[in-house]
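The structure is shown first, and the discussion follows.

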Amino acid sequence: MTLDAHTALIPIANVSLMIKDLISGQFDWTLAALTIVVNFGYSVLIVWVLSRMYDSEAVLFSDGFTSFRIFQKRSDIKPGTMPAPGDVVIAFLVLLLLTLYVGSAVTVRSIAAGMAVTQLLILAVPLFLTWYMKSDRKILFLLNKPRFSVVPGAILLYVGAYLTGIALSLILYALFPGSAQNLKTAYTELFAQPLWILMIIMALMPAIGEELLFRGLIFGTVREWLGDRARKSSRESENRECLSGSDLQQFTAGTQDTLEIRKERPHMTVTWPAVAVSALIFAAFHMSLVKLPATFMLGVAFAYVIDAGGSIYLSMALHFMNNAVSAVVSAYPAQAEKWVPFLVKESYSVSEILLMAGVGILCGTAGFYLLRKARERYL
């Protein structure tokens, strides 16, 4: 698959193909401009559709466009202010532009250096935004001590997401063999680097930066925003009822208890939309059509592990482990073929793909059950 007037209209794939052409030295400014315009148009369309669905821009921007708090003077922002979804949208768009121009420019000279620069940009965005807005990073990022009782469930859910995602990606590999070959070719130079460099730029940096961005900033902001809207709606509903005497006192006490619990355990406000949104953006950001199912499944697993365990350090550990395995397998393909052949096979039979998906579903279901029970005991 190559970038042309037709593929430039396909979101995600068009950016991936554009970067591939940039690396190979076959860059076409006309097609690049078309790609940027098309993706901007899709973004506007998504905002318009969502606003029409909910009959208000508040679906993304809480109190409307006035919730772009990032445009306020920092001296006017109160300590503890959380980013609004509009702030995150702007920060993410800035990151995309920086990645597209700065990251790609460095990648042309060295794919390893380009990946390192991209990861530094990914880390800088959530750190800068939360600094500027004086946000409480411990609450937003869930920088809490992990509860090791959730580790078995977290590992099972990760294994399930990994195997299921790989099975789905293998189907796309069969449908789009050219994309798979292009992906392999693009990373040939990277895999020639020493293992310690691969471990830093492929495992350590993404485990920190991507988790702070996708599970910390994006997932955390959507989680807090949806939780605030749900509590506001609940209070308004209760206030419409005629409460008096002991009923009013009981309602007030219950509300206060809920707020105290949330202050102590802020991750209780998670909703599945927050998981889905962060996972979709995580998958799309990696700009690989054939790897889209795998990255989405991992995004879902990492977000739910954070919810159940109440700590981003759990997802960082899983993210590091996932990428570290890829780095080791890429650096030592001969040894990997001997010890873990299923990770380096060139082709898989239908029965092998179905077996992989089946084992993945079983492990994922078991992990989800254990994590849900652990979350219920904690809350």
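Ile36, Val94, Leu97, Leu98, Tyr101 and Val102 make a nonpolar surface patch of about 480 Å². A patch is built from residues with over 30% relative accessible area and no salt bridge, nonpolar side chains (Val, Leu, Ile, Met, Phe, Trp, Tyr) being joined within 5 Å and like charges within 9 Å. Accessible areas come from the Shrake-Rupley method with a 1.4 Å probe, and for residues only the protein chains shown count as cover. Helix 4 supplies the largest share of the patch, five residues. Tyrosine 101 is located in helix 4 and is partly exposed, with a relative accessible area of 46%. In this scale, buried means under 20% relative accessible area, exposed means over 50%, and partly exposed lies in between (1.4 Å probe, protein chains only). Helices (H or I, at least four residues) and strands (E, at least two) are DSSP runs, numbered from the N terminus.

The model is predicted, so local features need pLDDT of at least 70 and side-chain atom pairs count only at pLDDT 80 or more, whereas totals for chains, interfaces and linings use all residues. Residues are numbered from 1 along each chain as its sequence is written, and side-chain values use heavy atoms, with hydrogens and water left out.

**Salt bridges**

A search of the whole structure finds three salt bridges, each defined as a side-chain nitrogen of Lys or Arg within 4 Å of a carboxyl oxygen of Asp or Glu.

| Arginine 215 | Glutamate 211 | 2.6 Å |

Aspartate 307 and arginine 375 link distant parts of the chain: aspartate 307 belongs to helix 13 (residues 292-309) and arginine 375 to helix 16 (residues 350-378), 68 residues apart. Both aspartate 307 and arginine 375 are buried. Arginine 215 and glutamate 211 are four residues apart in helix 10, and are therefore separated by about one helical turn. Both of these residues, arginine 215 and glutamate 211, are also buried. In the remaining pair, glutamate 224 counts as buried at 5% relative accessibility, and arginine 223 counts as buried at 1%.

**Aromatic and cation-ring contacts**

The structure holds 11 aromatic pairs. Rings of Phe, Tyr and Trp (its six-membered ring) pair if their centres lie within 6.5 Å; planes under 30 degrees apart count as stacked, over 60 as edge-to-face and the rest as tilted. The pair of phenylalanine 92 and phenylalanine 214 is edge-to-face, because the ring centres are 6.5 Å apart and the planes stand at 70°. Phenylalanine 92 lies in helix 4 (residues 85-109) and phenylalanine 214 in helix 10 (residues 195-240), so their contact ties together parts that are 122 residues apart in sequence. Phenylalanine 92 counts as buried at 16% relative accessibility, and phenylalanine 214 counts as buried at 0%. One aromatic cluster is formed by Phe92, Phe214, Phe282 and Phe285.

Phenylalanine 282 also has a charge over its ring: arginine 215 lies over the face, at 4.2 Å from the ring centre. A charge sits over a ring if NZ of Lys or CZ of Arg is within 6 Å of the ring centre and within 35 degrees of the ring normal. Another such contact places the charged end of arginine 74 over the ring of tryptophan 131, 4.1 Å from its centre.

Helix 5 is followed by lysine 134, which is found in the loop between helix 5 and helix 6 (137-140). Phi of lysine 134 is near 55°, a positive value in a residue other than glycine. Lysine 134 is partly exposed, with a relative accessible area of 24%. Leucine 142, in the loop between helix 6 and helix 7, has a positive phi near 55°. Leucine 142 counts as buried, at 0% relative accessibility.

**Isoleucine 155**

Isoleucine 155 belongs to helix 7 (residues 151-175) and counts as partly exposed at 39% relative accessibility. Isoleucine 155 and glycine 364 are 209 residues apart in sequence and 9.1 Å apart in space, C-alpha to C-alpha.
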